[in-house]
Amino acid sequence: RMKKLLLAFIFILYVCFQGIDLWFPAFWSYSSYFKFAAMLLCFGLLLVPGEPAVSRRDRFLVRMALGFTLLSDFLLLFTRVHAPGIFIFCGAQLCYIARYRKSLLGPSVALYGAGMLLAAVSFLLRLSLPYELIAGGCYAVLILTAYGGSFAAALPAPCKRRAIIGMTLFVVCDINVMLYNLFPMSGSNRISGLFMWFFCLPSQLFIVLSASGDRRKGPRQTEENCLQQPL
């Protein structure tokens with residue numbers, strides 16, 4: 001019952017911020033609060049009591065990823081601290097890489113560390129570098145790695161299908177984020193701005209549902225638990 005209630009509230013918030021972005025752009029600041037609240041409720045789905053759909057480690061990784069996502073979204077929605085926000089968002093993708101294809105985690109962490117080190121040293125030396133571009137480039141490599149890894153993930157078929165759908169929507173969302181920032185003065189800017197969150201929230205919801213379990217206790221039956229989750 002709690003899961004259904006959370007899903008209902010998420011849907012209501014989704015309709016609200018999409019309506020504001022589409023028809024009432026003057027109230028964009030309110031839309032940001034609805035977006036962040038919806039993300040908080042997605043995280044809440046992972047806290048509903050019950051056996052995890054796959055394993056405790058799997059649910060922990062998705063919780064960690066959503067935690068990084070929430071912190072990043074807060075910075076990107078409500079502050080001008082964008083480069084650190086993107087670097088924090090990279091942490092979410094590292095969690096997904098660990099979830100889908102652990103063998104890719106080492107090189108991914110090395111890339112992330114190199115990007116962070118470059119940005120940190122340059123900032124301390126007061127060098128005028130495009131920090132958001134550095135963070136964005138690092139993030140792009142990591143999300144594409146996580147996306148590719150999702151197709152080879154060792155998850156039960158229903159969970160894997162949801163994870164792939166979620167990551168696909170995630171990539172489409174970030175393509176619109178890239179277009180929004182690359183062409184700020186073009187007529188397509190508003191369209192890409194609308195599509196960012198049109199795809200973003202569903203992507204997170206599918207990923208969460210690929211890891212959340214039902215309320216039944218007892219021996220964990222991975223495939224069966226996952227099949228019982230409504231798509």
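Analyst: A residue counts as buried when its relative accessible area is under 20%, and as exposed when that area is over 50%. In this predicted model, Arg99 has a relative accessible area of 6% and is therefore buried. Its partner in a salt bridge is Asp58, with the closest N and O atoms 2.6 Å apart. Asp58 has a relative accessibility of 4%, so Asp58 counts as buried as well. Side chains of opposite charge can pair when their charged atoms come close.

A search of the whole structure finds two salt bridges, and the other one joins the side chains of Asp21 and Lys35, with an N to O distance of 3.0 Å. This pair links distant parts of the chain, since Asp21 belongs to helix H1 (residues 2-23) and Lys35 to helix H2 (residues 28-45), 14 residues apart. Asp21 and Lys35 are both buried.

Among contacts between residues at least 6 apart in sequence, 71% join residues at least 24 apart. The chain carries 21 positive and 9 negative side chains, and the centres of the two sets lie 3 Å apart.

Definitions and conventions. Residues are numbered from 1 along each chain as its sequence is written. This is a predicted model: local features need pLDDT of at least 70, side-chain atom pairs count only at pLDDT 80 or more; totals for chains, interfaces and linings use all residues. Side-chain values use heavy atoms; hydrogens and water are left out. Contact means heavy atoms within 4.5 Å. Lys and Arg count as positive and Asp and Glu as negative; His and the chain ends are not counted. The place of a charge is taken as NZ of Lys, CZ of Arg, CG of Asp or CD of Glu. A salt bridge is a side-chain nitrogen of Lys or Arg within 4 Å of a carboxyl oxygen of Asp or Glu. Helices (H or I, at least four residues) and strands (E, at least two) are DSSP runs, numbered from the N terminus. Buried means under 20% relative accessible area, exposed over 50%, partly exposed in between (1.4 Å probe, protein chains only).
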